[in-house]
Amino acid sequence: MAGRPRTVRSPLFRKILVAAALLVSAMGGVSDLLMSRYTQESEEAAVRRSLEAAARVLAREAGTKGPEALGEWARQTDALLDARVTVVARNGSVLAESRRQPESMENHAHRPEIEAALRRGLGVAKRHSSSVNMDFLYVAMPARLGTGEPVILRVAAPLETIESAVRANRWRILRATLLLAFAVLVGAYFFTRSLTRRIHRIQQAAEDLAEGRFSENPPLLDKGKDELGALARSLHRMAGNLLEMVELVRAESARRDAILSSMREGVLAVDQSLRITFCNEAFLQAVAAKEAPAEGTPLEQVSPDPALLDPLWQVLERGETVRSKVSFPATPGRSYELYAKPLELNRQKGALAILHDVTEIERLERVRRDFVANVSHELRTPLTAIRGYAETLLDGAIDDAEHNRRFLEVIRSNAIRLTNIASDLLVLSELEQHRPAQEPVERVPLQPVIESAVRTVESAARIRQIAIHAPEVDLAVRGLRFRLEQALVNLVDNAVKFSPPGSEVRIECNRTEDGMVEIHVIDNGIGIPEADLPRIFERFYRVDKARSREAGGTGLGLSIVKHIAELYGGSVRVKSRLGEGSTFTLCFPAA
Ligand code: ADP
């Protein structure tokens, strides 16, 4: 921003000063010219009038003088009038002269005033007299001497007084002009100072606007009623409008940024040379860029992958919309659907690309396929067994009293297995349909839940001679009682299933510092190999398929437990050592 303006240095001040100086000089010059001429003319007219009057009086007086007395008379008259007096004969010879000897003077017949006097009775001439080096005004008039001789009487006065009068006048004009010039200078200074200060204020405000510095409530800079005031008012109005527009644009761009950055789809806009004009966070994550590139960065520097560059070139060159599946080496394991289309911004061609992360969709699709395959596989085994034994029975074994009962038991156990699978699948699909927020939640005291779970597996445990210890607890959790029971039964049932006869299973509960309640189901059973631990919560995953099947397992129990825990804001985890036993821990928010 410019500092306070220096009036003296202001070009405006200089211009006003030069204009004023020219005006003052022109005025001085013109008045000098007019005044000098006027003074000269009026002074000359006055001299001429008095010379004419004197000439007339002297012409009458000359009638009393003879030729011999002319010289003396001329000198005396000169002394009285302070005017040179000359008497000239009609032929031009000088008869008497007040300031010189007549004999030394040349013939005056062709002096203009003498000629005019002879012709018209009065001759007036202005001439420079080289003899006395002065301008003289000559007035000549015919007269007669006492002797009756006709002569020309000439009276002359120097114009020296006129010149000095003109000079004096000129001085006066010069002084007045200088005084005026000084007054104009001072006036121009104050006028320009006020003007430049006003202009400077307006200029600063305009510069602020140009550089995007907007104040909330800009004051009206100039309240003058002239053009500058009008300009300031326009600027003030414009600043208001601009501020409004800028606010609007800011809000719009903030909204756009918020939308784009919260989008899960990667968004990228490039210009026609494939330089980035915009990209959002999701795009940077997709190409594993470390930091947001500056606008104008070549896309190649951010992601040199042809899977991205080629479709964009294609869009730019052909103006077509392109769809393709891409994956980037920088983010292995993730796949994207790329949708690229031409983009025209500010009459500049470019392209817009949207990256839609389809990794999860693909995973779910894979899970769904696997699930269908698994279900089919799981169903096929018992169905094949049922069909096989049924056919054997039909083929005659029904009459084989030794085996037919055993065959029917196999058919029944497989039918039970099918029922178990079906009911577990039903539970799973039911759980998957519920969103955590929709699930009804109540305060569930743990003691009855544990007692009920123990009762459910009691008979199986007795058969296997396994003791279940569950000390009394006075804790409650937030969830749904029958779901909680379902989860606990699955864990305790597993503990019993995978423990050797004679061992024991313990259920322990405690409250954690972060407001959760943990329920531990601890067994000293066969344990789980470390490699299988991360996968046991998957559907149909079983460490030892034959053993699980033998024990009536479906491979869905832990998957159901995990679903239930997550549905109520809890979790499940396992700690196990092969051959030593396992501890499954259910975690629910305390109530
Ligand atoms: P299943 O119907 O086979 O029990 P689950 O989903 O309940 O299916 O369990 C998955 C697998 O995890 C089981 O097949 C078993 O191999 C292992 N498992 C679960 N609980 C235990 C446990 N307490 N001790 C050892 N292995 C277990």
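This is a predicted model: local features need pLDDT of at least 70, side-chain atom pairs count only at pLDDT 80 or more; totals for chains, interfaces and linings use all residues.

Modeller: Residues are numbered from 1 along each chain as its sequence is written, and side-chain values use heavy atoms, with hydrogens and water left out.

Biologist: Happy with that! Which residues come nearest to the ligand?

Modeller: A residue is near if one of its heavy atoms lies within 4 Å of the molecule. There are 22 residues around the ligand, and those that come nearest are Asn 494, Ser 548, Thr 554, Gly 555 and Leu 558.

Biologist: How far is an oxygen atom of the ligand from a polar backbone atom of Leu 558?

Modeller: Let's look at polar contacts (here, pairs of N or O atoms within 3.5 Å). A backbone N or O atom of Gly 555 is 2.8 Å from a ligand oxygen atom, and a polar backbone atom of Gly 557 is 3.3 Å from one. For Leu 558, the distance from a polar backbone atom to a ligand oxygen atom is 2.8 Å.

Biologist: Which element gives the most to the shell around the ligand?

Modeller: Helices (H or I, at least four residues) and strands (E, at least two) are DSSP runs, numbered from the N terminus. The elements with two or more residues in the shell are α12 (481-497), α14 (557-567) and β17 (581-589). The one that gives the most, with three residues, is α12.

Biologist: And what is the volume of the largest pocket?

Modeller: On a 1 Å grid over the protein atoms alone, a pocket is an open set of points with protein on both sides within 12 Å along at least five of seven lines, and lining residues have an atom within 4 Å of a point. The ligand sits in the largest pocket, meaning that more than half of its atoms lie within 2 Å of the grid points. Counting the space filled by probe spheres set on the points, the volume is about 980 Å³.

Biologist: Which element gives the most to the lining of that largest pocket?

Modeller: The lining has 43 residues, with Asp 493 and Asn 494 among the closest to the pocket centre. Eight of the lining residues come from the top contributor, α12.

Note on methods
A polar contact is a pair of N or O atoms within 3.5 Å; within protein, one must be able to donate a hydrogen and the other to accept it, and residues adjacent in sequence count only if both atoms are side-chain atoms. On a 1 Å grid over the protein atoms alone, a cavity is a set of points where a 1.4 Å probe fits but cannot get out, and a pocket is an open set with protein on both sides within 12 Å along at least five of seven lines; lining residues have an atom within 4 Å of a point.
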